[in-house]
Amino acid sequence: MILAQNLTKTFGELKAVDDVSFDVAQGEIFAFLGPNGAGKTTTIKMLTTLLKPTSGKVEIDGMDPTTHQNEARKRFGIVFQDPSLDSELTAWENMDIHGALYKVPRHIRHERTEALLKLFELWDRRDDPVKQFSGGMKRRLEIARGLLHTPKVLFLDEPTLGLDPQTRNQLWIHVKALNESEHVTVFLTTHYMEEAERVAHRIAIIDHGKIVAQGTSQALKQQTGADTLEQAFLKLTGSSIRDEDANATDRMRNMARIWQGRR
Amino acid sequence: MNAIYILWLRQLKRYVRSRARIVASLGQPLLFLVALGFGFGPIFRRAGQGNYIQFLAPGVIGMTVLFTSVFSGVELIWDRQFGFLKETLVAPVPRILIMIGRTLGGATVAVIQGLIVLVICMLAGFRPGALGGVPASLGFMALIAILFTALGTAVASALDDFQGFQLVMNFLVMPIFFLSGALFPLLGLPKAMSVVASLDPLSYGVDGLRASLIGLAHFGAATDLAVLSVLSAILLGIGGYLFSQIQL
């Protein structure tokens, strides 16, 4: 359903994504994990027509997003890492614009909007401008919106960032249910390892633009001899912090942390 | 078609809801009208050119439409920063339609602002020559609006953030306004100035407005119409192309 072959993206000198290959089957939940700046979001942008790959091949349901953009776009829904709502408009209007852009017929659009807003407990606030919403409510609205046009593939780029445990739980229950009942293929990134372990059928770990391991959560743990996915992740990606520009103090702290870890 | 309509409607809703912006954007034309109109009025009359308010009003309307439409185009940067742009860029709609929807929305807002200023000008003493000229002036406002919204969109497509916005205002919009003949007659200008004015698209817009509102034209309404239409089509093309090339 989602295919990447030798996918590479360079920005000047920097290889953000370096020869990445994976294949996500229909109905699969695939987690893409990696430290900050590892290339997760860049990969998602290439899969979702926002960025052109430097080289390599991508496919969504057999459609190449670089040549058949609109065919590919019809097939996926996406929840972006950072907000993408129009905060001057109401929740209902944001849903309605989305539905119209995806050519969902009006009555179906209204029915589904109502169902989704109720599901994510935003129905009572449907006529309030989004700028009055809390971070969690905006997140929920984005997720509801991504599901409005019943996509075959759902991209979730750190969808639970900044959500409380209740909402996170609710979100994953819903994603799993959707995957089971409508066989929606899900491609997700997250920093919460327990979430990946809980919902994903298969996991790929990316670091410095390269996939360092791929398999079920069980396989990754076996491969690294770790008890938890979090440990496996740290073993595979090291424990240094990868903020794009670490300063001298950060580097010293990391050194100290590595040294302590070895003891 | 639906995509164009829904994005047009979005621009309009945003406009109607931002009352502060409406009021703020009317302050400048009002200031020009009052300060220049009444300030230079006596000199203009003594120079034998007649009533300055009559001459100035179409220029101030043109200015309002120019500023509002460039700003609408540049709102693209805003959408890029606050994320809504991504939502439209991954939608299964050809980007040219998204660009057209945005442009028409921005242009409609600019025409409404122009109309409000026309009414204000009439309250300040401006009298259109014939009432039949008002619909024709609407057509010119629409052309100015489309032309400059497309220009704003083209510029904004190439800019990443607001750093460049000040540059656009100072080196593009201000010269376009001041050199357009919105404030002074183009007749009898120094050669260089007259050449520059004839290269300024707004000159034709303001000329068209004057032709329709007070029956006074420098280039002639037909020339104005032709120049504005051709330039609008070209800028829509360029803007559409640059917009379709946006990568995030």
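**Exercise 1. Determine where Pro42(B) lies and whether Pro42(B) is buried or exposed.**

Pro42(B) is found in helix H2 of chain B, which spans residues 19-46; helices here are DSSP runs of H or I with at least four residues, strands are runs of E with at least two, and both are numbered from the N terminus. The model is a predicted one, in which local features need pLDDT of at least 70, side-chain atom pairs count only at pLDDT 80 or more, and totals for chains, interfaces and linings use all residues. Residues are numbered from 1 along each chain as its sequence is written, while chains are lettered from A and ligands numbered from 1 in the order in which they are written.

The next step is the neighbour count: a residue is buried if 20 or more other C-beta atoms, placed from the backbone, lie within 10 Å of its own, exposed if 12 or fewer do, and partly exposed in between. Pro42(B) has 10 C-beta neighbours inside 10 Å and therefore counts as exposed. As for distance, Pro42(B) and Phe148(B) are 106 residues apart in sequence, and their C-alpha atoms are 33 Å apart in space.

**Exercise 2. Carry out the corresponding analysis for Ala197(B), and state which residues Ala197(B) is in contact with.**

Ala197(B) lies in helix H8 (residues 191-199) of chain B. Because 20 other C-beta atoms lie within 10 Å, Ala197(B) is buried. Contact means that the C-beta atoms of two residues, placed from the backbone, lie within 7 Å. Once neighbours within four places in sequence are left aside, the contacts of Ala197(B) are Leu179(B), Ser180(B), Gly181(B), Leu186(B), Leu189(B) and Ser203(B). For Leu186(B), which is 11 residues away in sequence, the C-alpha to C-alpha distance to Ala197(B) is 7.6 Å.

**Exercise 3. Describe how helices H6 and H9 of chain B pack, and which residues make the contact.**

Two packed helices are described by the angle between their axes and the distance between the axes. Axes are lines fitted to C-alpha atoms, for helices over the stretch in contact, and angles run from 0 to 180 degrees between N-to-C directions. For H6(B) (residues 133-158) and H9(B) (residues 201-214), the angle is about 170 degrees and the axes are 8 Å apart. The two helices are therefore roughly antiparallel to each other, since angles under 35 degrees count as roughly parallel, over 145 as roughly antiparallel, 65 to 115 as roughly perpendicular and the rest as oblique.

H6(B) contributes Gly133(B), Ala136(B), Ser137(B), Phe140(B), Leu143(B), Ile144(B) and Leu147(B), whereas H9(B) contributes Pro201(B), Leu202(B), Gly205(B), Gly208(B), Leu209(B), Ser212(B) and Leu213(B). By class, this contact has nine nonpolar, five polar and no charged residues, where Ala, Val, Leu, Ile, Met, Phe, Trp, Tyr, Cys and Pro count as nonpolar, Asp, Glu, Lys and Arg as charged, and the others, Gly among them, as polar.

**Exercise 4. Determine how the axes of H3(B) and H5(B) are arranged, and which residues meet.**

The axes of H3(B) (residues 52-82) and H5(B) (residues 95-123) come within 8 Å and cross at roughly 155 degrees, so these helices are roughly antiparallel to each other. Residues that meet include Ala57(B), Val60(B) and Ile61(B) in H3(B), and Gly106(B), Ala107(B) and Val109(B) in H5(B). The residues of this contact divide into 11 nonpolar, eight polar and no charged.

**Exercise 5. State what chain A gives to its contact with chain B.**

Chain A gives 24 residues and chain B gives 21. On the side of chain A, the elements that give two or more residues are helix H2 (69-75) and helix H3 (91-101). The residues on that side comprise 11 nonpolar, five polar and eight charged.
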